[in-house]
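User: I am new to this structure. Please show me how to read its main features.

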Amino acid sequence: ILVCTVLPLSAQKHYVPHVHVGFHGGMAMSKMSFSPSVEQKMLNGLTAGVSFRFAEERHVGLLTELNFTTRGWQEDLTGTALNYSRKLTYLELPIMTHIFCGGRKFKGFFNLGPQLCYMIGSSIDSNFDYKDPTNAEGFPLDYRSTEQMGMDIKNKFDYGIVLGAGIEGIIRKRHSLMLEARFYYVLGNIFPSSNKDTFSASRGMSIGITLGYMFRVK
C-alpha cells in the first residue's frame, strides 16, 4: 500500500537519482528452527559489510549489501555447568527494496527483499563430549534431541527473506548515519531433511542491529 501511494506522488516532481555507498557493523542474535524441536538460547554474533544504494524515485530505491555474519545456536542447558554453541559464518548478499520518507535531516526507512548466503566456516564451543553427551555429568537427556550437536553441515548455501526498519540522519550534505534493526528468516535447511533423516527442518533465523555510514556519490 505504501509503495502504491508514494510512487504517483514522486512522479509529480522531478527527482535527481541518488547513489550512495557505505559500510555498517553491529551484532546479530540468532537461533535455529528445528523439527523435532531443540531447546535453545539466542546466540550472539557479529555482522559487518558494505552497502550500495540507488534511488531513482523520491521515496523508493534499491539497496544491496555484501555482509560477513556469524549465526548459529546455543543449547539451553540451564541448571548445569555445561555449555554448547555452534557458530556458522556466512557471506550474505541481500537485495532489497528501500522505502524511505522524511525531511532533510532525518528519514525513516524500511528494507525488504530476498537474501542469498554461503557458509564459509563452522565452529563448535563445548565443555563436554558433545558426540557422546550421555557421559557428561548432569546432562539433561530426558526428551531431548542431541543428534544436532555432532551432525555435519550438508547445505552451505541458504536463502531467505529479510525485513528491516530504521532511521537515517544527515550529518553533512553528502554524509549520513543509519541505525537499523533487521530480521532474517531462512527458508533452506542446513541438515538433510528427507523422510528418513533426523530433522525435517533445520532453518535459521536472526535479529541484527547495525550502525552504518553512507556517502552520497551522486
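Predicted model: local features only at pLDDT ≥ 70, side-chain atom pairs only at ≥ 80, totals over all residues.

User: Let us start with the core. Which residues of the largest nonpolar core touch the most other members?

Analyst: A nonpolar core is a set of buried nonpolar residues joined through side-chain atoms within 4.5 Å. Here the largest one has 25 residues. F34, W73, F128, F139, I190 and F191 touch the most other members.

User: Which strands each supply at least two residues of this core?

Analyst: They are β1 (18–35), β4 (60–75), β5 (84–102), β6 (106–126) and β8 (175–186). β5 gives the most, with 4 residues.

User: What is F139 in contact with, beyond its neighbours in sequence?

Analyst: Leave aside the neighbours within four places in sequence. F139 is then in contact with L77, L82, F128, P133, R144, T146 and M149. F128 also stands among the core residues that touch the most other members.

User: Now single residues. Is T69 buried or exposed?

Analyst: Read the relative accessibility against a cut-off: buried means under 20%. T69 has 2%, so T69 counts as buried. Its place is in strand β4.

User: Which residues is T69 in contact with?

Analyst: Neighbours within four places in sequence are again left aside. The contacts of T69 are A28, L46, T47, L88, T89, Y90 and E92. With T47 there is a polar contact between the side chains, at 2.9 Å.

User: E92 is on that list. Where does E92 lie?

Analyst: E92 lies in strand β5. Its relative accessible area is 6%, so E92 is buried.

User: Which side chains make polar contacts with the side chain of E92?

Analyst: One is the side chain of T69, at 3.1 Å. Another is the side chain of R71, at 2.6 Å. E92 is in contact with E65, L66, N67, T69, R71, Q115, L116 and C117.

User: What about E180? Is E180 buried or exposed?

Analyst: E180 is buried, at a relative accessible area of 6%. E180 belongs to strand β8. The side chain of E180 makes a polar contact of 3.0 Å with the side chain of N111.

User: How many residues apart in sequence are E180 and I209?

Analyst: Compare the two kinds of distance. In sequence, E180 and I209 are 29 residues apart. In space, their C-alpha atoms are 5.7 Å apart. Leaving out neighbours within four places in sequence, E180 is in contact with F109, N111, G164, A165, G166, G208, I209 and T210.

User: Next, empty space. How do I find where it is left?

Analyst: Rolling a probe the size of a water molecule over the atoms shows where empty space is left. A pocket is open, while the probe cannot get out of a cavity. The largest pocket here has a volume of about 520 Å³.

User: Which residues lie nearest the centre of the largest pocket?

Analyst: They are H18, G103, R104, K107 and I170. The lining has 24 residues. By class, 6 are nonpolar, 8 polar and 10 charged. β5 supplies the largest share of this lining, 4 residues.

User: How many cavities of 30 Å³ or more are there?

Analyst: The count is 3. About 210 Å³ of space lies in the largest cavity. Its lining has 19 residues, with T47, E92, R182, G208 and T210 nearest the centre.

User: Which strand gives the most to the lining of the largest cavity?

Analyst: β9 does, with 5 residues. By class, the lining of the largest cavity has 6 nonpolar, 8 polar and 5 charged residues.

User: What is the volume of the second largest cavity?

Analyst: The volume is about 100 Å³. This cavity is lined by 13 residues, and H24, E65, M178, E180 and G212 are the closest to its centre. β9 again gives the largest share of the lining, 5 residues. By class, the lining has 6 nonpolar, 4 polar and 3 charged residues.

How values were computed
Residues numbered from 1 in each chain as written. Heavy atoms only, no water. Buried < 20%, exposed > 50% of the residue type's maximum accessible area, 1.4 Å probe, protein only. Contact = heavy atoms within 4.5 Å. 1 Å grid on protein atoms, 1.4 Å probe; cavity = no way out; pocket = protein on both sides within 12 Å on 5 of 7 lines; lining within 4 Å. Points joined across faces, edges and corners; volume = space filled by probe spheres on them. Nonpolar A, V, L, I, M, F, W, Y, C, P; charged D, E, K, R; others polar. Polar contact = N/O pair within 3.5 Å; in protein donor to acceptor, adjacent residues only side chain to side chain.
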